Amino acid sequence: MSLLGLREFHRFEAAGQPFVYLVPSAAVFALDELSDALLRLLRDGDRPRDEVVAVLSDRFDSAAVTESVVELIRVRAIAERADLKVGPCTSPGFQVAARIIPLIPLSTMVLNVTNKCNLACTYCYEYGEDKIVDTENGRKPKFMSEVTARDAVDFMLKESGTSPRAHLTFFGGETLLNFPVLKTTVAYARRRAAELGKVVDFSLTTNATLLRPEIVEFLIENEVGVTISIDGPKEMQDRFRVFHDGSGSYDAVMPKIRDLLHKHRTRPIGARVTLTRQTLDIRRIYRHLTEEIGFSEVGFAPVTTAEGRDYAIENEGFDRMLGQFRDLAGDFLQAALENRHHGFSNVKETVEEIHKGVSKAYPCGAGLGLMGVATDGDVNLCHRFAGSDAHKLGTVRDGVDRNAQRRFLEQHHLDDKTDCHTCWARPLCSGGCYHEAHTRYGTTTSPNLHYCDWIRGWTETCLQVYGEIAVRNPRYLRVFEDMPAEKVS
Ligand code: SF4
Ligand code: SF4
């Protein structure tokens, strides 16, 4: 007897019709009335194929039912278990995936050119209560030397293998405190890459306090992408993003940001907002940064913190954040339907991942296609672990320690995150940021179970946005044709 059973999927509705997000393949499939009825029928357990056809033939043509069965098997929404007499067909029992440890070329190197900062943001993961490296009294140099930065460029070009393009992101501390090294490194990277027939794409993250005309000119000339860390209108920016004397930074940075936005047209300038319990007015922040200041893209990230900190976003905070993200995603959808730009980058990035069928065995590129380099040239998982001996993967001089890298990838594979095994959002979440997990649970191997409801709620919203666009304006999805660099959060 041939039994039919459901495979693993998440059903959602968009544009007035049902869809399924097929978890093992991360594909999105639109359901017609018949295929929806067929999946509903199997919801209560496996059924023989003949019985499925017979039951649905009351409402649908039996040849169409048979065709629908074949189609749903093909897209792996259901499966046939021939000659199986007993036992339900429960997901994810169908999956027996062999673990493949990928060692892919480096695509993004984040260079921490300094670990010093001229601000003293209360929630800072580098200097605040949850720091993992002693940046104040540790043995790492405060500034990266020119020689180390050159070695890092050579390392990056070598580790990028046969790929024609590499992405170099400058980071800190406050990145522009080491502008002299940044400047010579860009020139060196350009020259070396050209000799090797490659191209380097440059970007940096800054708090904007040190932007001055000479630096702005340099960024324009060299087409350096810029992300500004900023938290919104004055009262929100000044709540946590303060100078060492406790004074707010809004008035100091805004004229410089306006000047940069006015002049720098060779690359889009993005804002990166840290959300806290006290600064959760997302719509207002978005409006201020786009309409009043002029940013083209704004990305939001909840503060990374141990439980119980004054500024930590806890349960109701995540609900509030989700509600506001949904509102803003609605605006994004409207703009996408009208082929207009909308700068809410969180939704855009997730919709892009859905469109490309991204399915992650690891939550991000850290330790894979993305690595962070500390001021002394140590290579770490990512910029947030720069300088942490416990998260070291080599040095720019000696290269990547493949054993350490393999060990890390073995220990952090999605298969080992017990709670994630049955979660439909795992192709996109895969347990979440290692740094967040380390801060929250003391280990990078732990999934971030404190925000699962938020992640699933947000993924559902993005699936709905995707479904609406796919039905109502599929041409818009062409904007996702080029593969971007690894995201630096
Ligand atoms: S961390 Fe939570 S939301 Fe993310 S994959 Fe795991 S169980 Fe799902
Ligand atoms: S998601 Fe977390 S671990 Fe991954 S690159 Fe970003 S900060 Fe690093």
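Helices (H or I, at least four residues) and strands (E, at least two) are taken here as DSSP runs, numbered from the N terminus. The structure is a predicted model, in which local features need pLDDT of at least 70 and side-chain atom pairs count only at pLDDT 80 or more, whereas totals for chains, interfaces and linings use all residues. Residues are numbered from 1 along each chain as its sequence is written, chains are lettered from A and ligands numbered from 1 in the order in which they are written, and side-chain values use heavy atoms, with hydrogens and water left out.

In the shell around ligand 1, helix 13 (426-429) and helix 15 (452-472) each contribute at least two residues, and the largest share, three residues, comes from helix 15. The residues that surround ligand 1 are D419, C420, C423, R426, C429, S430, G431, C452, I455 and R456, where a residue is near a molecule or strand if one of its heavy atoms lies within 4 Å of it. By class, this shell around ligand 1 consists of five nonpolar, two polar and three charged residues; Ala, Val, Leu, Ile, Met, Phe, Trp, Tyr, Cys and Pro count as nonpolar, Asp, Glu, Lys and Arg as charged, and the others, Gly among them, as polar.

Strands of a sheet pair through backbone hydrogen bonds, either parallel or antiparallel. Two strands are said to pair if DSSP finds at least two bridges between them. An open sheet of three strands has the order 2-3-4, with antiparallel pairing. Its edge strands, each of which pairs on one side only, are strand 2 (9-14) and strand 4 (27-30). Between strand 2 and strand 3 (residues 17-22), the antiparallel pairing extends over six bridges, and F9 stands opposite L22 in strand 3. The loop between strand 2 and strand 3 contains A15, which has a positive phi of about 50 degrees although it is not a glycine. With a relative accessibility of 26%, A15 counts as partly exposed, a class that lies between buried (under 20% relative accessible area) and exposed (over 50%), as computed with a 1.4 Å probe on protein chains only.

A further open sheet has 10 strands in the order 12-11-10-9-8-7-13-14-15-16, and its pairing is mixed. Strand 12 (297-302) and strand 16 (399-400) are the edge strands of this sheet, each pairing on one side only. Within it, strand 7 (residues 108-112) and strand 8 (residues 165-171) pair in the parallel sense over five bridges, with M109 standing opposite L168 in strand 8. In the loop between strand 8 and helix 5 (179-195) lies G173, and the peptide bond from G172 to G173 is cis, with omega near 20 degrees. The loop between helix 6 (213-221) and strand 10 (225-229) holds E223, a residue other than glycine whose phi is positive, near 50 degrees; at 44% relative accessibility, E223 counts as partly exposed.

Helix 9 (residues 282-293) has 12 residues and reaches 15 Å from its first C-alpha to its last, close to the 16 Å expected at 1.5 Å a residue, the expected span being 1.5 Å times one less than the number of residues in the helix. Its buried residues are I282, I285, Y286, H288, L289, T290 and I293. These residues lie on the same side of helix 9, because they cover an arc of only 170 degrees around the axis, the arc being that of the directions from the helix axis to the C-beta atoms.
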